Amino acid sequence: MWHEIKSQEDIDVFMKNIVSFHDCCIREIRYISGMSADKEGAISMDGSHSMSIYFDTQASSDFIRFEMELGTVSKFSININPTDWLEIYDATFLKKEDGFYWHSDTYGEAQDADYMFHCQTVRWRTLPHPK
């Protein structure tokens with residue numbers, strides 16, 4: 001079941017459920033740019049810019065797998081060394097007048113690592129446990 005995030009209060013409840021991303025990792029990211037080419041080769045953009053981010057976490061000593069679906073993504077950044085241990089220890093997630101902001105705060109052994117996004121809509125859901 002999807003849970004819409006519309007306010008800072010919704011964010012606070014979500015962050016409590018997943019212990020502020022502590023002991024969390026990004027498993028997979030899917031980005032849809034909203035751009036495409038037609039059969040004549042003309043490129044167009046529909047402005048959708050959506051993204052799904054799949055996380056695994058040991059929040060509250062239980063394994064949780066969840067997805068965040070972001071709509072109208074205007075900023076997204078990954079600054080990582082793929083050989084570093086990229087376990088997220090903490091994150092900041094805020095609702096402001098111009099949308100939602102999320103960024104990772106601390107990592108295990110990674111130096112200068114950072115994930116961030118800015119978007120207009122957010123929803124999340126838990127996913128089935130892997131077998």
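A residue counts as buried when its relative accessible area is under 20%, as exposed when over 50%, and as partly exposed in between, using a 1.4 Å probe and protein chains only. By that rule, buried residues make up 34% of the 131 residues in this protein chain.

Some ground rules. This is a predicted model, where local features need pLDDT of at least 70, side-chain atom pairs count only at pLDDT 80 or more, and totals for chains, interfaces and linings use all residues. Residues are numbered from 1 along each chain as its sequence is written, and side-chain values use heavy atoms, with hydrogens and water left out.

Now the overall layout. The chain has 1 helix and 11 strands; these are DSSP runs numbered from the N terminus, with helices being H or I of at least four residues and strands E of at least two. The order along the sequence is β-α-β-β-β-β-β-β-β-β-β-β. The C-alpha trace spans about 55 × 35 × 35 Å along its principal axes.

Next, the inside. A nonpolar core here is a set of buried Ala, Val, Leu, Ile, Met, Phe, Trp, Tyr and Cys residues joined through side-chain atoms within 4.5 Å. The largest such core has 26 residues, and Phe14, Phe21, Phe55, Met68 and Phe93 touch the most other members. Elements that each supply at least two residues of this core include α1 (8-17), β2 (24-32) and β9. Contact means heavy atoms within 4.5 Å. Leaving out residues up to four places away in sequence, Phe21 touches Phe14, Phe55, Met68 and Trp102, among others.

Gly99 lies in strand β9, residues 99-107, and counts as buried at 1% relative accessibility. Beyond its neighbours within four places, Gly99 is in contact with Leu94, His118, Cys119 and Gln120.

That brings up the cysteines. How many disulfides does the structure hold? It holds 0, a disulfide being a pair of cysteine sulfur atoms within 2.5 Å. The sulfur of Cys24 is 6.2 Å from the closest cysteine sulfur, in Cys25, so it is too far for a bond. For Cys119, the nearest cysteine sulfur is that of Cys24, 16 Å away. Cys119 is buried, at 0% relative accessibility.

Last, the outside. Ile43, in strand β4 (residues 43-45), is exposed, with a relative accessible area of 63%.
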